[in-house]
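This report describes selected features of a single protein chain. The sequence and the structure are shown first, and the description follows.

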Amino acid sequence: MTLDGEALEQLRKRARAGGADKYHAANAAKGKLFARERVALLVDEGSFVEDGLYANATADGLPADGVVTGTATIDGRPVCLMANDSTVKAGSWGARTVEKIIRIIERAYSTSVPMIYLVDSAGARITDQVDLFPGRRGAGKIFWNQVRASGSIPQVCALFGPSAAGGAYIPAFCDVVAMVDGNASMYLGSDRMVEMVTGEKTTLEAMGGAKVHCAESGVGHFLCKTEADALDVVRRYLSYLPANWTQQPPAAPAVGAPEKVDLAALVPASERQAFDMRRYVKGLLDDGSFFEIQALWAKELTIGFGRLNGEVVGVVGNNSMFKGGVLFVDSADKATRFVQLCDAFNVPLLFLSDVPGFMVGSAVEKQGIIRHGAKMITAISEATVPKICVVVRKAYGAGLYAMAGPGFEPEATIALPTAKIAVMGAEAAVNAVYANKIAAIGDETERAAFVAAKREEYERDIDVVRLASELVVDAIVEPHELRVELVRRFAAARTKDRHFSRRRHGVTPV
């Protein structure tokens with residue numbers, strides 16, 4: 001068939017229009033944008049070059065086969081992207097949908113640029129399953145390509161609607177996932193399927209909604225109010241990362257720390273009194289540069305990107321405002337993945353320690369706290385980017401190891417004057433060693449004096465000056481000196497050798 005100019009323009013117009021008007025109207029009523037509007041809002045104006053526009057052009061009602069794919073730039077930097085068109089059969093996958101997604105991931109990988117997934121899909125079309133599901137270029141090849149690309153190029157997902165069944169793994173294989181509250185959801189089986197299989201009555205929102213995944217499961221990283229917010233997360237996330245694993249994170253103009261933040265005043269003298277590590281991080285980094293990740297999940301650990309004198313760093317800090325800053329199963333997993341992300345993309349790591357250790361008890365033992373803690377410590381050990389451990393207030397037990405303590409080859413272990421490093425806190429230690437003797441002292445005043453004396457003796461044993469004299473810590477700095485110290489030490493570590501071990505890969509305690 002030969003097309004004249006007018007016929008070709010009509011074909012393009014139909015493909016770009018998406019599904020029927022009623023589906024556009026239904027999406028608009030939910031506050032959802034058209035897939036092509038999302039792309040236009042995300043990328044630099046005029047930069048998008050589309051591939052596969054005519055996929056399934058000969059079929060009825062399948063413009064572009066329900067997915068938009070192509071290349072563009074964001075802030076002048078090249079990216080590849082895909083966007084499900086939920087006005088076309090609810091964004092479901094057909095054979096050509098799958099092929100388009102595979103091709104664009106392969107292009108991102110081969111050209112070494114970030115891959116962006118704008119997801120809004122009901123999953124595979126069951127009617128087309130033989131064509132799209134089992135073959136060498138079937139849906140499984142999407143996930144194979146994502147795994148191959150992981151750590152080679154940044155992969156980021158913004159989720160605007162459902163991501164159902166096998167399709168839920170597209171977000172899962174991404175570095176981070178931004179979810180729009182009220183519309184976004186991820187689930188392996190629909191609410192109807194769940195009731196049929198297990199008898200449980202639930203809803204998609206209760207089972208796999210944005211709040212569930214951002215605050216409970218940890219599969220989601222950012223809970224966004226609007227689609228524009230989710231797209232802004234994508235842009236901001238990429239601004240901290242290089243295009244691929246061979247490059248360095250992009251520097252920005254140096255900005256000073258917030259002038260009104262007194263770091264010394266933020267840390268209470270008593271280790272029993274909680275303080276918000278997020279405020280400390282914001283006061284230490286370049287003003288306005290902290291980009292927190294997974295703020296709603298495992299809040300006893302604070303993670304995110306920021307800048308020191310314009311250079312990108314990844315921050316891992318214990319937050320005593322939540323569960324006393326104790327490490328649990330979820331916070332260990334949260335740290336593990338973030339450390340691996342930073343190490344993959346050459347982002348130096350700053351650890352801010354105020355940790356009592358890992359949680360103990362039958363509940364966490366049954367959850368595998370030892371295995372999850374080992375996974376976190378494995379990630380710390382394997383990370384070859386520059387690492388600096390700052391003991392802000394305390395680093396007790398295996399918590400010291402999990403926060404890149406001296407045994408894990410950090411570029412430096414820095415102690416603030418408030419720092420304590422020990423197997424456990426003084427109170428616990430005295431009770432562990434002298435429990436029988438304390439119980440045997442009948443006089444309450446005498447007992448209190450004995451405990452106080454032993455605690456003072458223990459505190460002298462772990463005194464920060466003694467630790468510095470034994471070269472356990474490399475420096476003791478005042479809070480107002482810390483920022484300059486970190487800038488200089490990270491600058492000196494930029495050329496470090498990053499070889500770790502003679503092997504293909506370790507056996508991770510997953």
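Which residues are buried in H14? They are Val329, Ser331, Ala332, Lys334, Ala335, Thr336, Phe338, Val339, Leu341, Cys342 and Asp343, where buried means under 20% relative accessible area, exposed over 50% and partly exposed in between (1.4 Å probe, protein chains only).

## Basis of the description

The model is predicted: local features need pLDDT of at least 70 and side-chain atom pairs count only at pLDDT 80 or more, whereas totals for chains, interfaces and linings use all residues. Residues are numbered from 1 along each chain as its sequence is written, and side-chain values use heavy atoms, with hydrogens and water left out.

Helix H14 spans residues 329–344; helices (H or I, at least four residues) and strands (E, at least two) are DSSP runs, numbered from the N terminus. H14 has 16 residues and reaches 23 Å from its first C-alpha to its last, close to the 22 Å expected at 1.5 Å a residue. That expected span is 1.5 Å times one less than the number of residues in the helix. Just after H14, Asn346 takes a positive phi of about 65°.

The largest nonpolar core has 73 residues. A core of this kind is a set of buried Ala, Val, Leu, Ile, Met, Phe, Trp, Tyr and Cys residues joined through side-chain atoms within 4.5 Å. The members that touch the most other members are Ile116, Leu118, Tyr237, Phe305, Val316, Phe338 and Leu349. H14 supplies the largest share of this core, seven residues. Apart from it lies another core, of 30 residues, which includes Ile105, Ala108, Ile153 and Ala184.

Phe338 is in contact (heavy atoms within 4.5 Å) with Ile293, Ile303, Gly304, Phe305, Gly314, Val315, Val316 and Leu349, leaving aside its neighbours within four places in sequence.

## Aromatic pairs

The structure holds 11 aromatic pairs. Rings of Phe, Tyr and Trp (its six-membered ring) pair if their centres lie within 6.5 Å; planes under 30 degrees apart count as stacked, over 60 as edge-to-face and the rest as tilted. Phe222 and Phe291 form a stacked pair, with 5.2 Å centre to centre and 20° between the planes. This pair links distant parts of the chain, 69 residues apart: Phe222 is in strand S8 (residues 222–224) and Phe291 in strand S9 (residues 291–293). Both Phe222 and Phe291 are buried.

Phe305 and Phe338 form a tilted pair, at 5.5 Å centre to centre and 45° between the planes. Here Phe305 in strand S10 (residues 301–308) is linked to Phe338 in helix H14, 33 residues apart. Phe305 and Phe338 are likewise buried. One aromatic cluster is formed by Phe222, Tyr237, Tyr240, Phe291, Phe305 and Phe338.

## Lysine residues

Two lysines lie over aromatic rings, which requires NZ of Lys (or CZ of Arg) within 6 Å of the ring centre and within 35 degrees of the ring normal. Lys141 lies over the face of Trp144, at 4.1 Å from the ring centre. Lys323 lies over the face of Phe328, at 4.5 Å from the ring centre.

Lys375 is placed in helix H16 (residues 369–382). Lys375 counts as buried because its relative accessibility is 15%. Beyond its neighbours within four places in sequence, Lys375 is in contact with Asp333, Thr336, Thr508, Pro509 and Val510.

## Loop residues

Phe173 lies in the loop between helix H7 (169–172) and strand S6 (176–180). Its relative accessibility is 30%, so Phe173 counts as partly exposed. Not counting residues up to four places away in sequence, Phe173 touches Phe143, Gln146, Val147 and Gln155. Phe173 and Val156 are 17 residues apart in sequence and 9.1 Å apart in space, C-alpha to C-alpha.

Most residues other than glycine have a negative phi. Asn56, which is not a glycine, has a positive phi of about 60°. Asn56 is found in the loop between strand S1 (49–51) and strand S2 (67–74) and is buried, with a relative accessible area of 14%. Gln294, in the loop between S9 and S10, has a positive phi near 55°. Gln294 is buried, with a relative accessible area of 6%.

## Annotated domain

In an unreviewed UniProt entry, the annotation "domain: CoA carboxyltransferase C-terminal" covers residues 258–505. UniProt positions are given in the numbering used here, feature names are shortened, and annotations may be inferred rather than shown by experiment. In the model, the end C-alpha atoms of residues 258–505 lie 42 Å apart, and the span is 43% helix and 18% strand.
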